[in-house]
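These are my notebook entries on one protein chain. I set down what I looked up, topic by topic.

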Amino acid sequence: SYGNFDPRCQWLQERLFTFDQSEAAHDLVNRYLWNKGYIFVPRQCEEHIDKKAKPCKLHIVFHGCLQGGGLGGHLIEQAIYSMGWTHFVENAGYNEWANTNDIVVLYPQASTGIMTPDIQHINPQGCWDFWGYTDSNYHTKDGRQISAIWRMVKLLVPDLN
């Protein structure tokens, strides 16, 4: 229900962090991406970074429509979010799976739509672009959202540069 989470997984909250998506997508934040994203880092993966040991794997999770962190107002209950805490990010099951398999989980966040004189981007449910509202390359690696996520990945995995 609204604002609740599975107490058996509460310990995982300390491994969940928010990050500023504008570092990888400054021109897209508040247009096509929300300002914050989430990342789950298992303790052993953090230790790998400190000890320069074998790195953990990375998995990217795309939320569904009405599940992004940028929703507000009357949609907040539909999105199962409260006070910036996300039910989806904490309870979808990815974190438990990642914790036992040495995987960092990146949860980028799409934004809801806006409409201004220069931007006619309407996406009230905060969906990822699967129909072309960002640009005609939405379905390719050159699409605005996908290329921003790739930049996030390259920030996390510098060896890809």
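**Entry 1. Pocket**

I began with the term itself: on a 1 Å grid over the protein atoms alone, a pocket is an open set of points where a 1.4 Å probe fits, with protein on both sides within 12 Å along at least five of seven lines, and its lining residues have an atom within 4 Å of a point. Grid points are joined across faces, edges and corners, and a volume is the space filled by probe spheres set on the points. I noted that the model is predicted, that local features need pLDDT of at least 70 and side-chain atom pairs pLDDT 80 or more, while totals for chains, interfaces and linings use all residues. Residues are numbered from 1 along each chain as its sequence is written, and side-chain values use heavy atoms, with hydrogens and water left out.

I then looked up the second largest pocket, whose volume is about 170 Å³. Its lining includes Phe17, Phe19, Glu23, Ile39, Met152 and Leu155. Which element gives the largest share of this lining? It is β1, with 4 residues. At least two lining residues each come from β1 (16-20), α1 and α6; here helices (H or I, at least four residues) and strands (E, at least two) are DSSP runs, numbered from the N terminus.

I sorted the lining by class and recorded 8 nonpolar, 2 polar and 2 charged residues. In this scheme Ala, Val, Leu, Ile, Met, Phe, Trp, Tyr, Cys and Pro count as nonpolar, Asp, Glu, Lys and Arg as charged, and the others, Gly among them, as polar.

Is Glu23 buried or exposed? Glu23 counts as exposed, because its relative accessibility is 64%; the cut-offs are under 20% relative accessible area for buried, over 50% for exposed, and partly exposed in between (1.4 Å probe, protein chains only). Glu23 and Leu155 are 132 residues apart in sequence, yet their C-alpha atoms are 9.0 Å apart in space.

**Entry 2. The chain as a whole**

I recorded 6 helices and 8 strands in the chain. From the N terminus on, their order is β-α-β-α-β-α-β-β-α-α-β-β-β-α. The chain has 161 residues, of which 39% count as buried. I also checked contacts (heavy atoms within 4.5 Å). Among those between residues at least 6 apart in sequence, 62% join residues at least 24 apart.

**Entry 3. Disulfides**

How many disulfides does the chain hold? I found 2, taking a disulfide as a pair of cysteine sulfur atoms within 2.5 Å.

Cys45 and Cys56 form one of them, with sulfur atoms 2.1 Å apart. The link of Cys45 and Cys56 is left-handed, with -100 degrees about the S-S bond. Cys45 lies in helix α2 (residues 43-51) and Cys56 in the loop between α2 and β3 (57-60), so the pair ties together parts that are 11 residues apart in sequence. Cys45 is buried, at 2% relative accessibility.

Cys65 and Cys127 form a disulfide with sulfur atoms 2.0 Å apart. I noted that this pair links distant parts of the chain, 62 residues apart: Cys65 is in the loop between β3 and α3 (75-78), and Cys127 in the loop between β8 and α6. The disulfide of Cys65 and Cys127 is right-handed, because the torsion about the S-S bond is about 125 degrees. Cys65 is partly exposed at 33%, whereas Cys127 is buried at 4%. With the bonded cysteines numbered in sequence order, the pairing is 1-2, 3-4.

**Entry 4. Aromatic pairs**

I searched the whole structure and found 7 aromatic pairs. Rings of Phe, Tyr and Trp (its six-membered ring) pair if their centres lie within 6.5 Å; planes under 30 degrees apart count as stacked, over 60 as edge-to-face and the rest as tilted.

Tyr32 and Tyr133 form a tilted pair, 6.1 Å centre to centre with 45 degrees between the planes. Why does this pair tie together parts that are 101 residues apart in sequence? Tyr32 lies in the loop between α1 (22-25) and β2 (36-40), and Tyr133 in the loop between β8 (120-121) and α6 (144-156), so the pair ties these parts together. Both Tyr32 and Tyr133 are buried.
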